[in-house]
Amino acid sequence: KGKCPEDGWDESTIELFLHELAIMDSNNFLGNCGVGEREGRVVSGLVARRHYRLIHGIGRSGDISAVQPKAAGSSLLNKLTNSVVLDVIKLAGVRTVTSCFVVPMATGMSLTLCFLTLRHKRPKAKYIIWPRIDQKSCFKSMITAGFEPVVIENVLEGDELRTDLEAVEAKIKALGAENILCVHSTTSCFAPRVPDRLEELAVICANYDIPHIVNNAYGVQSSKCMHLIQQGARVGRIDAFVQSLDKNFMVPVGGAIIAGFNESFIQEISKMYPGRASASPSLDVLITLLSLGTSGYKKLLKERKEMFSYLSSELKKLADNHNERLLDTPHNPISLAMSLKNLDEANDAAVTQLGSMLFTRQVSGARVVPCGSVQTVNNYTFKGFMSHANDYPCAYLNAASAIGIKKQDVDVFLKRLDKCLKAFRKEAKQEKSVNEINDSNAATEQLED
């Protein structure tokens, strides 16, 4: 049926299935006589076993989705993977999605492929409207495709950074709709930035007849992010949304899913990919989804949501204990931020030092964001880089509850963060005591004089 099974398969069943696919490829035929330049020859048995002897990759020279006659098994693998992934995207919340394909590139390059496809539809266009998110790959995806990003600064609402819809519409009018390739919006992001106002952006895109590409990097794991995409497509225009395989399905880095609501446009994107492609990302995600089944994946999504609530409540307690606060970002369903105001005021270098301390204590993924850092990316200068705004009111620390996180991860992180913050407080007290003694000595000397 081309759907993800409800109950996961055991490993021996999956291996048997993959071996059956592999013997359909010509390089594994006993009497095969290959006289071409690409015959699926692999000199290392270890490499052959690592890929289950599925050596031909996917697609043909002109189309990544095309069937390769001498690689029937690999072609079937490709078709099945795309079908199973489509089923899981529907299950995750985008019910009306019609087409998708796995591409062996990470999210940034997959976005570039979408922009290059749109170039043929809108030859006059040179600008991409981009509500600011301080993440280099999504910014570079536009530069690499040869377009000029038009950065729309976010607006501060409480602690949250949200889409400035008025600025988006004003920029469209100023530049002219025909000169804009697309609006490039974002769902999953680091707090205090929250997902873009997708429904309103989709309506603007529909009104001005401008394509809309969504960076949904790690949004499949969030029912809220997927709901935003579903609603955006219902009330307005979303042409394609791109998500990472590793972040959403816990497989090695190297693949993404490009999905959309117009099958012919998604096929156009797949045809834009030049040549054949590695089957590894497709193989990895198919094995993973067959082993999990829909019940297993739903369980992971449920656990992630529970861990988000737990991380949120425990991080708030820790923040209160250190006279800081958990920033109020209810529209971000994955990432949290805790202020580091006292740390920042005590010492300019303390915030970045905290990041180093956490990393050396084997805490990965937590980001510390100081105030006022400036970074240049492809000749564009971003003030307050990493904070998604020129002047965010305070320094802060990020932590995320992503798919696969366990209670133990949260507990160990909080314990180590608490120790680091206590060390800073102790150091600050000692410094204060030294300063008081010095001030007292200076006052005594003045009296004696």
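A nonpolar core is a set of buried Ala, Val, Leu, Ile, Met, Phe, Trp, Tyr and Cys residues joined through side-chain atoms within 4.5 Å, where buried means under 20% relative accessible area with a 1.4 Å probe and protein chains only. The model is predicted: local features need pLDDT of at least 70 and side-chain atom pairs count only at pLDDT 80 or more, while totals for chains, interfaces and linings use all residues. Residues are numbered from 1 along each chain as its sequence is written, and side-chain values use heavy atoms, with hydrogens and water left out.

**View 1. The largest nonpolar core contains 78 residues.** I89, F115 and I258 touch the most other members of this core.

**View 2. Surroundings of F115.** Leaving aside neighbours within four places in sequence, F115 is in contact (heavy atoms within 4.5 Å) with I128, S141, M142, A145, F147, L181, C182, H184 and I213.

**View 3. The largest pocket lies between the two domains, because domain 1 (11-292) and domain 2 (297-435) both give residues to its lining.** On a 1 Å grid over the protein atoms alone, a pocket is an open set of points with protein on both sides within 12 Å along at least five of seven lines, a cavity is a set where a 1.4 Å probe fits but cannot get out, and lining residues have an atom within 4 Å of a point. The pocket has a volume of about 940 Å³, taken as the space filled by probe spheres set on grid points joined across faces, edges and corners. Of its 42 lining residues, F190, S364, G365, A400 and A402 are the closest to the centre. Helix α14 gives the most to the lining, with six residues.

**View 4. The second largest cavity has a volume of about 30 Å³.** W130, I133, D134, Q135, K136, F139, V377, F382 and F385 line this cavity. Both domain 1 (11-292) and domain 2 (297-435) give residues to the lining, so the cavity lies between them.

Conventions: Domain bounds come from an automatic or database domain assignment. Buried means under 20% relative accessible area, exposed over 50%, partly exposed in between (1.4 Å probe, protein chains only). Helices (H or I, at least four residues) and strands (E, at least two) are DSSP runs, numbered from the N terminus.
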